Each structure stands twice: as structure tokens, then as C-alpha cells.
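Reader: Could you walk me through one part of this model up close? I'd like the ligand surroundings, taken slowly.

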Amino acid sequence: MVNFITIRNKIINTFIVFNSLTDARKYAYLNFKNKKRFKNNKMDYMSYGIKLIVFSTVFIFKSTIKYLSIYISSLMKGYKPIIFNSMEMVVTEKCNLLCPGCISLIPLYKDRENKDIDDLSNYLSTFLDVVDYISIIKIMGGEPFLNRNLSSFLEKFCSEERYSEKFNKLVFITNGTVIPDKATLNVMGLFKDKIEVRVSNYGKKSSKIIDSLIENDVVYVIGKDSNSHWVDIGDLKRKNRDELTLNKMFSECEAKKNCNTLLDGKLYLCPFAAHGTKLGFFPDDGNFVDLSSNRNYKNLRESFYKIRSLKYIGTCDYCDIPLSKPYVEESHN
Ligand SMILES: C[S@@+](CC[C@H](N)C(=O)[O-])C[C@H]1O[C@@H](n2cnc3c(N)ncnc32)[C@H](O)[C@@H]1O
Ligand code: SF4
Ligand code: SF4
């Protein structure tokens, strides 16, 4: 019998490069929006619209050339390229808000730590050496600006061509309540083409960071109101779902496409699996790529192909995320 889910997954995997393009276009738009194109704080819709179309078209054209050239040169060398939409790199588990329902399970940690910069640097350089291209590397927590040692790390990856040519942007995801340290602000302002800040929108408290970003000429965007799209992470208990249900859930899951999570050197398919496994809520199903101990190029590429061909992971049986409707109650006071 024809398995439609497998066929659909194959098509999605084959066209991952076009997923990356969608992401690139979104960020092109956000970038544009924040380059002070508004007169007297009033939006000039006509010129804004035209510039947006021109800017997005040029951006997509350039990205298409980039992706196609990577694709074609890899195929000519006889291997399938490894291209990522995005990845979330956890630089700290510390957080000053501890919102109930956090998809990264941060409030459930007993001990929260800032990650060591040399370790982060080793994991990311190994990752970039092995993959062919990644559109967005999200700098993630907890609250990422609570790690006060990130400036040299950012500088290294934005200034060394060997690394910077492998990614489009480093994007901080922040709750907006922590003003970054001066050195980090400087570097973010210096590498405007490579670094952006995305401020999650938790109402007024998230605006605390804005003045410091403007003063340092940092490119930033404000996300849509989180109450409109947060999902219910469920009760973390095992559900004993059958294989067909797990396949379907996984194929519909956005997190595994856009939120692969690098935690303590291990790259998981989603933050739920990464943090939940570390915290002991789910058994270790081995479905991650270990960048902390394995530096062998060939083995690592094989591991990437392997996790990207999975039909589901063990954690999906504990997860309600793809099934949950966005809920609108206040989740992060
Ligand atoms: C885990 S947070 C870490 C970064 C930072 N602390 C923040 O809140 O922006 C990363 C992103 O996940 C989002 N998020 C957290 N829990 C979520 C949930 N249950 N459903 C949807 N998005 C969620 C946050 O709004 C944020 O944009
Ligand atoms: S969503 Fe962000 S701010 Fe809220 S607990 Fe999770 S990491 Fe902290
Ligand atoms: S556990 Fe499975 S279904 Fe849940 S977010 Fe992760 S990949 Fe998606």
C-alpha cells in the first residue's frame, strides 16, 4: 500500500531548500521594516509597499542563487547537501520570567546555568564545518541576554569568513526585559548585516530593551503578541499512540522544521525533546546529533542525514504540541 505520509515527508525533505527561502523572505521583510523607512513615525504605505516588494525580490533572487549554487555544487561533488532553515542554540537556561507553559520547559529546571563560551564556540564551529548552509541561527535561552559573555563569540562567527559564509543571520530571541551588556550591544551594532534581535511580545515589559537597541543601531523586530500563538505543551506524560498517529503528528509538526535545538552540544529536532530529555521527563531515544564528542566529518554528516529521515521521535509520544490549538490566556506574567 502506498504510504502517503512517507511520500509527503520525502517531498518536504527534498524541498527543504525552498523552506529556507520562505524563512529568508520573512527576515528580509523584518529587516526592511526596521531600517527607519517611516517618515515622522507615520507609515508611508505606498513607498513602503513598493520598497518592500523590490527589497524582497532582490533578497529572494540573491538567496535563490546562493541555495542553488550550494545545491548544484554539492550534487556535482556527489553528495546531498545539508541545508537548514534554522537552529536554536541554547546559550543559557537562566531566565528572569519563568512563564508557565514555556515550550523550552525552563521553569521546570532546578539548576539553570549560563553555557561556557568556549563550549558554544566549539559546537557551532563543528556544526558550520559540517553542514552546507543554514539560514537562521537563533541565539536562545532561557533569556539569552542573561549570558553576559557573548560578545567575543558573536564577533568570531560574524568576522571569520569560513563561518560567516555558512549562515545568513544570527538572531537573538529575547523576552525584551534584560538590557544586553555593553560589549554585546557594540558587536550587534557593528555586524548589522549578520545579527538581529527578535523581541518576543509579552506586553509592556518587553519594551525595556528597545532604547538600548536603538542607541546602538542594532537591527531589531518585535514579534506578534505571544498570547495569539502560544501552544499548550500538555502534561508531559506518555500517551501510547499508535505508529500512524505519531507519523501524522510528526509530519505536521512545525517545531521539527524550524526549531531544531542545540543544547549542551547535542542537536535535537525540537526544544521540547532537548530540554525534556535533559530534565529526565522523557527517556533518551538517541535521536540527536552529538557535536560535543564527534568531530568526524563523515560520521556527523551521516548522523544529520539519519535524524532528518526519521518518521517521528520517541518524545512525540509525550507531546501534544502539533495537536494543540493556540491558546490565548495570559501565559507569561
Ligand atoms: C523559549 S523562548 C526563549 C527566548 C526568550 N526567553 C523569549 O521568551 O523570547 C523562545 C520563543 O519561544 C516562544 N514560546 C515559548 N513557549 C511557547 C509556547 N508554549 N508556544 C509557542 N511559543 C512559545 C517564546 O514566545 C519565544 O518567542
Ligand atoms: S518563554 Fe522565554 S521568558 Fe518565558 S520562561 Fe521561556 S525562556 Fe523564559
Ligand atoms: S516532540 Fe515530536 S511532535 Fe512534539 S514538538 Fe518535538 S518533533 Fe514535534
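This is a predicted model: local features need pLDDT of at least 70, side-chain atom pairs count only at pLDDT 80 or more; totals for chains, interfaces and linings use all residues.

Author: A polar contact here is a pair of N or O atoms within 3.5 Å.

Let's start with ligand 1. One of its nitrogen atoms sits 3.0 Å from a polar backbone atom of Gly142, and because the cut-off is 3.5 Å, that pair counts as a polar contact. Gly101 does something along those lines: a backbone N or O atom of Gly101 is 2.9 Å from a nitrogen atom of ligand 1. Tyr202 brings in its side chain, with an N or O atom there 2.7 Å from an oxygen atom of the ligand. On its own, ligand 1 would expose 540 Å², and the protein buries 86% of that.

Stepping back to the whole shell, 14 residues surround ligand 1, with Gly101, Ile103, Ser200, Tyr202 and Val231 the closest. Sorted by class, that shell has seven nonpolar, six polar and one charged residues.

Now for ligand 2. Cysteines turn up around ligand 2 at Cys95, Cys99 and Cys102, and among its other neighbours are Leu97, Leu98, Ile106, Asn175 and Trp230. By class, the ligand 2 shell comes out at eight nonpolar and two polar residues, with no charged ones.

How values were computed: Residues are numbered from 1 along each chain as its sequence is written. Chains are lettered from A and ligands numbered from 1 in the order in which they are written. Side-chain values use heavy atoms; hydrogens and water are left out. A residue is near a molecule or strand if one of its heavy atoms lies within 4 Å of it. Ala, Val, Leu, Ile, Met, Phe, Trp, Tyr, Cys and Pro count as nonpolar, Asp, Glu, Lys and Arg as charged, and the others, Gly among them, as polar. A polar contact is a pair of N or O atoms within 3.5 Å; within protein, one must be able to donate a hydrogen and the other to accept it, and residues adjacent in sequence count only if both atoms are side-chain atoms. Accessible areas come from the Shrake-Rupley method with a 1.4 Å probe; for residues, only the protein chains shown count as cover.
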